[in-house]
Amino acid sequence: MLIRNLLGERMKEKPGDASLISHIYLLRGGYIRQVSNGIYSMLLPAKRVASKIENIIREEMDAIGGQEVLFPVVLPADLLKESGRYDSIGSELVRFQDRTGHDMVLGMTHEEAAVHLARNEALSYTKYPFMIYQIQTKFRDEPRSRGGLIRVREFTMKDAYSFHTSHDELKEYYDRVLEAYHRIFERVGLSQVISVRSDSGMMGGDVAHEFMLLTNAGEDTIVLCEKCGYKANMEVAVSNVPCSTDKEQPLEEVYTPDIKDIDSLAAYLNIPASKTMKATVFSVENSSRPLIVFIRGDLQVNEAKLRKVVKSDIAPFTAYDATDLNFGFIGAVGLDKNKVDVLFDSSLRGENNTVCGANKVNYHLKGVSISRDIKDAVFVDVAKVNENDLCIHCGGKLSLRRGIEVGNIFQLGTKYTESMNMTYIDKDGERKHPVMGCYGIGVGRLIGCIIEAHHDDFGPIWPKTVAPWQIHICMLNGNIEEVNKAGQGLYDKLGRKFEVIFDDRNAAAGIQFADADLLGVPVRIIVSKRNVEKGEVEIVTRDKKTKMAVPIDHVESRVKELLSE
RNA sequence: CGGGGUGUAGCGCAGCUGGUAGCGCACGUGGUUUGGGACCAUGGGGCCGGGGGUUCAAGUCCUCUCACCCCGACCA
C-alpha cells in the first residue's frame with residue numbers, strides 16, 4: 001500500500017469532540033470517521049486491524065469445535081415474541097415494519113436466531129454438544145453511546161451459542177470457552193484482561209462472567225480483592241460490613257429540627273453515620289406501593305442488586321405528592337405495611353442502638369434495635385461495595401477499579417430452548433430441552449481497548465498480531481535517484497513476504513514520522529540519502545526500543561527476526 | 001430521560017456594543033528545501049447547523065428546532 005493513495009488524512013490537531021485517547025488516535029490516524037452518534041465508518045487501517053482480530057477469534061473458536069455460521073441482521077419480531085424478549089427489551093431494540101406491515105427488528109444479539117436454526121437441525125442427542133458462532137453486525141440503540149469505538153450503537157460482534165444435553169456438560173464447555181477467551185485477549189495484546197463474575201442482566205441464566213480491561217477509560221466498576229483474588233462487577237459484588245457491638249438501649253424520640261439527611265443527622269447527634277439508618281424510597285414497576293429500603297447510614301443502595309431482588313424494574317421514588325411519607329424522617333418503626341413495602345439491607349442485621357426517622361416531621365428515634373423493635377424484617381443484600389470493605393471470602397481489603405467490558409459469557413440454561421420449544425430426542429427416547437450457553441466479544445471495542453492499553457504520546461503502538469501492516473517504509477529524499485531505487489526495491493522485495501505500507505511521498509521527515517507513529521506499525525524502515533550512501537537503511541521499532549543501521553542486503557532477515565520476537 | 005457544553009472552509013479556531021466572513025493547518029500550482037509536522041509566491045474552497053422573527057441591515061439580537069460532545073440515569 002502506498003501512503004499517497006491511502007484514504008484517511010492524518011491530523012495534527014486533536015478533533016474537538018474526542019476525549020478518550022483511543023478515540024483521538026482513531027480519528028487523528030485516519031482509522032474511523034463518524035457517520036452519526038455511535039455509528040462509524042472504518043477506513044483501511046482500522047478495517048485491517050479488525051480483520052486480524054476477527055481471524056484470531058475465529059481460530060480460537062474453531063479450536064474449541066465452533067462452527068461458523070451467519071445469522072441475518074434483520075429478524076422477524078415473531079422470533080423475539082417467542083422468547084418473550086420483544087416485550088421485555090426496551091427501546092434499544094430497533095423495531096420497524098417491512099413493506100407488508102410485518103414487525104421486524106435489527107438483531108442486537110442472536111439467541112433467537114441460533115435457536116431457530118438449531119432446533120430444526122439438532123433433533124437427536126447424537127449431534128450434541130455443538131457450538132455455532134458468527135462474526136456479525138449488531139445494532140443496539142444505546143441511550144448513550146460515547147468514547148469512539150468503546151461504546152457504539154452499531155458494531156461487529158462475535159457471538160457464539162453452545163447447546164448441551166446436561167448442565168454439567170455446559171459447565172465443562174463454559175470453562176473451555178473461558179480459557180479460549182483468555183487466549184484470544186492474550187493474542188490480541190491484552191493479556192491483562194481479567195474475568196469477573198457478573199450480572200446476567202437481560203440474558204437470563206445463572207452463571208455469567210465478564211472480561212474486563214482495567215483502565216481509567218472504563219465505564220464499569222470492578223471490585224477486586226488483592227489478597228484472595230476475588231473479583232466481581234459492582235453490580236453483583238458483595239462485601240462484609242461488620243456489625244456494631246453496641247448494647248441495646250431504650251427507644252427515645254429526639255427533636256431534630258429540619259435535619260433531613262444522614263450527614264446532618266450524624267453531625268447533629270454527634271454519632272458516626274454508620275450508627276444511623278437511611279431510608280431509600282423506590283417506585284417499583286407494576287406496583288402502586290412505594291418500596292422503602294433501609295440501609296446503614298454510611299452505605300448506598302446498589303440499584304442493580306435491588307432490581308434483582310425484587311425481580312422487576314425500580315426507580316428512585318419521585319411521586320412525593322402521592323404519599324403521606326415524611327421524607328427526611330422516614331423510619332423503620334411503626335410503618336404501615338399496608339401502604340408500603342419494606343426491605344432491610346443485611347448491613348442492619350443485628351444492629352443495636354441506631355437512629356432512624358420517627359415518621360414524624362422534625363423527629364428521629366434513638367436507640368433502635370432491629371431485632372427488638374422491628375418484627376418480621378426481611379433482610380436482603382443490596383448494598384454498594386465501597387473501597388476498603390472487607391472481602392467476604394478472606395477478609396482482605398477490597399479495592400475498586402474502572403474497567404471496559406470486552407467480552408462476556410453466560411450459562412443460559414434452558415431459558416430460550418424452553419420458551420422457543422427446542423427439543424431433541426435423548427438416549428432414553430425422551431424429548432428434552434437442551435441446555436444453552438452464549439458467548440460474546442466486541443471486535444470494534446477491542447480495537448479501542450488495544451489503543452487504550454498500547455500507545456505513547458505520538459499514537460497507537462499496535463501489537464504485532466493485530467497491526468494494520470507489519471512494515472512501514474519511510475523514504476526520505478525520494479527525489480534522489482539512488483534513494484528512490486533503494487526504497488522501491490525494498491518495497492517490492494519485502495512486499496512479497498510481508499504486509500508493507502510505503503511512504504514515497506516527497507514529504508518532510510517530520511510529516512512522515514508523525515504519520516508513521518499514528519499508523520503504529522511495529523517495524524519501520526527509514527530509507528534516506530545519508531543511509532543509502534553507506535549501503536544501509538535504518539530499522540526502528542514503533543515502541544522506540546530498537547534502532548539500528550542495517551546493510552540493505554540484510555534487511556529482510558533482520559525484519560523477520562524483529563517480527564518473530 | 002435529566003444536567004452541562006458546542007455548532008462559522010476537510011481539521012482546529014477567531015469574529016466585541018448588528019454594517020459586504022477571517023486566521024492557522026490541510027488542499028491545488030510554481031519554486032527553494034529535506035532526519036521529527038519547513039519556507040516563499042500564488043490559487044481554490046462558506047446556505048456562519050436549520051426554520052421563523054426583530055431590523056434599512058443578522059454569523060452577531062429574539063424564538064423554535066436539529067445535530068454532536070461530556071456527566072448522570074440506562075445497558076451483554
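In what order do the five strands of the open sheet with E16 and E20 stand? The order is E16-E14-E15-E17-E20, and the pairing is mixed. The model is predicted: local features need pLDDT of at least 70, side-chain atom pairs count only at pLDDT 80 or more, and totals for chains, interfaces and linings use all residues. Residues are numbered from 1 along each chain as its sequence is written, and chains are lettered from A and ligands numbered from 1 in the order in which they are written.

**View 1. The sheet E16-E14-E15-E17-E20 and helix H8**. Helices (H or I, at least four residues) and strands (E, at least two) are DSSP runs, numbered from the N terminus. Two strands pair if DSSP finds at least two bridges between them. Strand E16 (314-316) and strand E20 (379-380) are at the edges with a single partner strand each, so one side of each is left without a neighbour in the sheet. Strand E14 (residues 277-284) runs antiparallel to E16, joined by three bridges. Phe282 stands opposite Pro316 in E16. Helix H8 (residues 303-310) lies across E14, strand E15 (291-296), E16 and E20, and runs at about 135° to E16. Such angles run from 0 to 180 degrees between N-to-C directions, with axes fitted as lines to C-alpha atoms, for helices over the stretch in contact.

**View 2. Domains of chain A**. Domain bounds come from an automatic or database domain assignment. This assignment gives domain 1 (46-237 + 400-451), domain 2 (252-380) and domain 3 (469-564). Between the C-alpha centres of domain 1 and domain 3 there are 42 Å.

**View 3. Strand E7 and its partners E3 and E8**. Strand E3 (residues 66-68) pairs with strand E7 (residues 130-139) in the parallel sense over three bridges. Here Glu68 stands opposite Tyr133 in E7. E7 is also joined to strand E8 (residues 154-164) by ten bridges, and these two run antiparallel. The bridge partner of Phe130 in E8 is Phe163.

**View 4. Helix H2 against H11**. The axes of helix H2 (residues 44-63) and helix H11 (residues 443-453) come within 10 Å and cross at roughly 110°. H2 and H11 are therefore roughly perpendicular to each other; angles under 35 degrees count as roughly parallel, over 145 as roughly antiparallel, 65 to 115 as roughly perpendicular and the rest as oblique. Ala46, Val49, Ala50, Ile53 and Glu54 of H2 make the contact with Val443, Gly444, Leu446 and Ile447 of H11. Two residues are in contact if their C-beta atoms, placed from the backbone, lie within 7 Å. By class, this contact has seven nonpolar, one polar and one charged residues. Ala, Val, Leu, Ile, Met, Phe, Trp, Tyr, Cys and Pro count as nonpolar, Asp, Glu, Lys and Arg as charged, and the others, Gly among them, as polar.

**View 5. Helix H2 against H6**. The axes of H2 and helix H6 (residues 167-187) cross at roughly 155° and come within 10 Å. The two helices H2 and H6 are therefore roughly antiparallel. Ile56, Ile57, Glu60 and Ala63 in H2 meet Ala180, Arg183, Ile184 and Arg187 in H6. The residues of this contact divide into five nonpolar, no polar and three charged.

**View 6. The sheet E28-E27-E29-E30-E31**. This open sheet has five strands, with mixed pairing. Its edge strands, E28 (500-503) and E31 (547-551), each pair on one side only.
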